[in-house]
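I opened this structure to look up a few things and wrote down what I found. The entries are in the order in which I checked them.

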Amino acid sequence: MILPREKTLSEDQLKEVTDIVESFNCSLQTIIGTERSIYAILGDETSETMVNRLEGLAYIDRVDRIQNQNKLMHRSSELSRHKIRIGGVTLGEELLVIAGQCTVDPKNPNLFIETAHAVKEAGAKVLRGGVWKPRTTPHSFQGDNRSIETVLEARAQTGLPVNIEVMDEDQLAIAMDAKVDMVQIGTRNALNYSLLKKIGKATKDNGTLVLLKRSLHMGKPSEFISAAEYIVAGGNPNVLLCPRGTAPGLDGYRNHPDESITPLLKEQTWAPVVVDPSHSVGRAIYVPFCAAAAIAYGADGVCIESHIRPQEGIGDDPKQSLTPDVLKDLIVELGSLWSLKNKFHRA
Ligand code: PEP
Ligand code: MN
């Protein structure tokens, strides 16, 4: 990782640095951070000669070589100074609540608009809504391109930034055209490295946040972090790690709750952790407990499915969505747990 003396390199400086790095069979990736731009060396950066030549340039402060497979995500990386902001919240400083329907029903767009206003009133700072859905069977509802208009209308009316899941390049292109504020990589694509690379590239210059869910199998924290490393290596440091339950194993819960992974992720990375309790336990009655546990474990936020009238919803909503009044009470309680997090966890 190359750190310039000034906030960014000039065009000529960038060219000189790129030439050096490429002559050692590496490539250079600019990552625009809030403090300053960082220039990641992608490839084998062990050559002393390369480092000496780079550090010999008057405009270079230093070259940091972190000996870790997730060197960009690592706590000791310069990116730990990077601040991620959305909906008026600076991650890590205040609780972030993302809420909204699992699925936008194209036959009933007004329901989503009503939900959007209600979750805003409840205290959510980002609105979620599934336009395209990853479904286990091809016979289930797969989503509808038209719903993106509904999501944008809800953003216009409420002023809330929006999060939608993308599963392929076509959906990514539509989401980028629509200038969505956050894209979600769902659990099924959590290890789709080719898509992760494309998302890093597509979002590198436009400030889009990426909510990366943890994959469904019980992979190690380092595997999850490596998936995020792909997005950052593509040029976008605005990544949020989202545990959402792993393989089902407990009768009664949809998946195996994994909010307890949060301190491990925080020990190894600088990235904010935003837990999804809805897909983890999978039933509205259990969601508040899982959300509270997430904050107690030190999470920076939660992503909760909420619907104005869950029984009229499609997708996961009838089972696991909270009504906005329950969401509102929960957000107040999570606010009190936030001080617990500050007391026992490293920022
Ligand atoms: C969702 O958020 O609605 C969703 C399908 O998430 P996951 O990928 O965690 O199942
Ligand atoms: Mn869902």
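My notes on the model follow, starting with conventions.

**Conventions.** I am working with a predicted model, where local features need pLDDT of at least 70, side-chain atom pairs count only at pLDDT 80 or more, and totals for chains, interfaces and linings use all residues. Residues are numbered from 1 along each chain as its sequence is written, chains are lettered from A and ligands numbered from 1 in the order in which they are written, and side-chain values use heavy atoms, with hydrogens and water left out.

**Metal site.** I looked up the manganese ion (ligand 2) and found Cys102 (SG), His279 (NE2), Glu305 (OE) and Asp316 (OD) coordinating it at 2.1 to 2.5 Å. Donors here are N, O and S atoms within 2.8 Å of the metal (3.2 Å for Na, K and Ca); water is not among the atoms, so sites may look incomplete. Helices (H or I, at least four residues) and strands (E, at least two) are DSSP runs, numbered from the N terminus. I checked burial for both: Glu305 is buried at a relative accessible area of 1%, and Asp316 counts as buried at 12%. The scale is buried under 20% relative accessible area, exposed over 50%, and partly exposed in between (1.4 Å probe, protein chains only).

**Ligand 1.** I counted 13 residues around ligand 1, the closest being Arg128, Lys133, Gln184, Thr187 and Arg244. A residue is near a molecule if one of its heavy atoms lies within 4 Å of it. Oxygen atoms of ligand 1 lie 2.8 Å from a side-chain N or O atom of Arg128, 3.1 Å from a polar side-chain atom of His279 and 3.3 Å from a side-chain N or O atom of Glu305.

**Gln320.** Which side chains does Gln320 meet in polar contacts? I found the side chain of His279 at 3.3 Å and that of Glu305 at 2.8 Å. A polar contact is a pair of N or O atoms within 3.5 Å; within protein, one must be able to donate a hydrogen and the other to accept it, and residues adjacent in sequence count only if both atoms are side-chain atoms. Gln320 sits in helix α11 and is buried, with a relative accessible area of 0%.

**Strand β14.** I noted that five of the five residues of β14 are buried. Gly301, Cys303 and Glu305 point one way, Val302 and Ile304 the other. In a regular strand the side chains alternate between the two faces of the sheet. β14 runs parallel to strand β7 (residues 96-103), joined by five bridges, and pairs in the parallel sense with strand β13 (residues 274-275) over two. Pairing requires at least two DSSP bridges between the strands. Val302 has Val97 as a bridge partner, and Val275 also stands opposite Val302.

**Cores.** I looked up the largest nonpolar core: of its 85 residues, Leu96, Leu212, Leu240 and Leu241 touch the most other members. Helix α7 (residues 221-233) gives the largest share, seven residues. Another core lies apart, with 16 residues, including Leu9 and Ile60. A nonpolar core is a set of buried Ala, Val, Leu, Ile, Met, Phe, Trp, Tyr and Cys residues joined through side-chain atoms within 4.5 Å.
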